[in-house]
Amino acid sequence: MSAMTGGAAAVPDKAQDGLYRKVAFRIMPLLVLCYVIAYLDRVNVGFAKLQMSVDLGFSETVFGLGAGIFFLGYFFFEVPSNIILHRVGARMWIARIMITWGILSALFMFVETPWQFYTLRFLLGAAEAGFYPGVILYLTYWFPSNRRAKMFAIFQAGSPAAGIFGNPLSGWIMDAFNGTAGWAGWQWMFLIEAIPALVLGLVVIAMLDNGVQDAKWLNQSEKDILARNIAADESGKSGSHSLRAIFSDWRVWQMCLIYFCFVMGQYGLTLWMPTLVRASGVTGNFNIGLLSAIPFVCAIIAMVIFSRSADRHRERRWHLVIPAMLATVGFTVAATASSTTIAIIFLSMAAAGVLACAPLFWSLPTAFLTGAAAASGIAVINSVGNLAGFASPYMIGTLRDMTGSSAIGMYVLAGCLVVGAAIVLTVPAKMVNR
C-alpha cells in the first residue's frame, strides 16, 4: 500500500489504481446517465423554443426569462437540499430529486401562458436543486483530491452527452410527432424526455450506495484503503467546519464569483445553441439537432484532455484559465460568423472551452472544503454561481429583442470568461494544487 505524505496519499500503487477503477466502473456510469437525463430535461426548453415560441406567441425576452428562472428555484433550495443529502444519504435523496423533476418536466406539455412557463421552470429548478452539487459532494466520499478532476470530468461529460444525443433526439421528436393526437411536437418532446428520469429514480434506489461502508461489492480491506485515503486527504485541509463559517470565508465567495463567470458562458451557449445554429442558415429541427451536437463532441474531448493533464501534473489554475480563454475566442468569432461552417467551428471552440471549465473548477473548492462544510460550501458555490444561469439567457433574450442579433450578448459572455480566468489566477497555487 502507498505511503502517506503531507496528509494525503502519495502516488498510488498498482493495487490502488485497480481499486479506484473498480469504484469508478461501479458508480460513475449510473451517475453520468442520471446527469445526461437531468441536463436534457433542464435545457430541452432551448429546442422546444423553435416551435413553442411561435405556437404560444412568446417573445425572446419571455423565453429568456423563463429559461433563466429555473436557476432562481435552484438558488433558494440548493443549500438545504445538499445538507439533507449529507444527512439522509445520496441514494434516497437523489432518487427523490429525479422522480420529482421527471413529473414536473412532463407537465411542460400543458403550458399555455408565460406565467405557467415561469412557474414550472421555477419549480423544476427547486426540484432539481441539490443534484449536481450533491453528486460533487458524493464523489468526495470516494475519491481523494488527486483523483477528483478526472471523476468530475467523467460526470460533467453528461452535459455535452445530453447535447450530442439529446439535440438530434429533440429535433426528431418535434418533427416526427408534430400534430400526433392533436399535440404539437414540443409537447411530445417534453413528455417523452421526462420518462427516463422517472425510471432512473427507481434504478438509483436499487443500485446506489450511500458511501464506502455501505458498498457490499467491496471487501473490508478495500473499504479500509478507501476510507484511509479520504481521511488522510481531509486531514490536509484547513477549511471551515460550520455553516456560519462558510458564509464568512472569503475563499468561498471567491469561488462563487469564478463559477458565476463560467456559468454565464455555459448556459448562454447550451440554452441558445439551437437558435444560434438556426441563425447561421440551417433549416429543419433534426438538421439543427445534428449540427448542434458537433460542439458537444468537441467538449467531451476537451474535458478528457484537460482533466487528465490537471490530475497528472496536480496543477489546477492554468488548466482552468486556458480552456476559459479558448471559449472566449470561440464566442467572439462565432458572434459574427458569416457562414454555417465558421459558426460551427467557433461554437465548437466555445463549447470545448466553457464546458471543460466546470469539472476543472470543482477541483478548487474541494481542495480546501471538508466534511459538513463541503456539503454546505459546495451547495453555496453552486447555487450562487448558477444565478448566472438566470442572468445569461435572460440577458441574451433581451438583447436579441432589442438588437435583432446575438452578437452583443456573446461578447458579454466572452468578457465574463476573461474576468473569471483573471480571478482564478488570484487563487494561491499552494491551496489548490493537490
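User: What should I know before we start?

Analyst: The model is predicted, so local features need pLDDT of at least 70 and side-chain atom pairs count only at pLDDT 80 or more, while totals for chains, interfaces and linings use all residues. Residues are numbered from 1 along each chain as its sequence is written, and side-chain values use heavy atoms, with hydrogens and water left out.

User: OK, which residues touch the most other members of the largest nonpolar core?

Analyst: Those are Trp101, Phe131, Leu139, Trp142 and Phe155, in a core of 155 residues. Helix H1 (residues 14–43) gives the most to this core, with 17 residues. A nonpolar core here is a set of buried Ala, Val, Leu, Ile, Met, Phe, Trp, Tyr and Cys residues joined through side-chain atoms within 4.5 Å. Buried means under 20% relative accessible area, exposed over 50%, and partly exposed in between (1.4 Å probe, protein chains only). Helices are DSSP runs of H or I with at least four residues, numbered from the N terminus.

User: What does Phe131 touch?

Analyst: Not counting residues up to four places away in sequence, Phe131 touches Cys34, Tyr35, Ala38, Ile94, Ile97, Trp101 and Phe155. Contact means heavy atoms within 4.5 Å.

User: And how do H6 and H7 pack?

Analyst: H6 (residues 131–140) and H7 (residues 148–156) pack at about 150°, with axes 11 Å apart. Axes are lines fitted to C-alpha atoms, for helices over the stretch in contact, and angles run from 0 to 180 degrees between N-to-C directions. Phe131 turns up here too: Phe131, Tyr132, Val135, Ile136, Leu139 and Thr140 in H6 meet Arg148, Met151, Phe152, Phe155 and Gln156 in H7. The residues of that contact divide into eight nonpolar, two polar and one charged. For those classes, Ala, Val, Leu, Ile, Met, Phe, Trp, Tyr, Cys and Pro count as nonpolar, Asp, Glu, Lys and Arg as charged, and the others, Gly among them, as polar.

User: Switching to H12 and H18, at what angle do they cross?

Analyst: Roughly 50°, and the axes of H12 (residues 250–270) and H18 (residues 388–403) come within 8 Å. That makes H12 oblique to H18, given that angles under 35 degrees count as roughly parallel, over 145 as roughly antiparallel, 65 to 115 as roughly perpendicular and the rest as oblique. On the H12 side the contact includes Phe260 and Tyr267, and on the H18 side Ser392 and Met395 are among the residues. By class there are eight nonpolar, three polar and no charged residues.

User: Is Arg400 buried or exposed?

Analyst: Arg400 is buried, with a relative accessible area of 16%. Arg400 is found in H18, and leaving aside neighbours within four places in sequence, Arg400 is in contact with Glu60, Trp272, Thr275, Ser405 and Ser406.

User: Last one, what is Thr340 in contact with?

Analyst: Ser280, Gly281, Val282 and Leu291, leaving aside neighbours within four places in sequence. Thr340 lies in H16 (residues 340–361) and counts as partly exposed at 24% relative accessibility.

Key
Helices (H or I, at least four residues) and strands (E, at least two) are DSSP runs, numbered from the N terminus.
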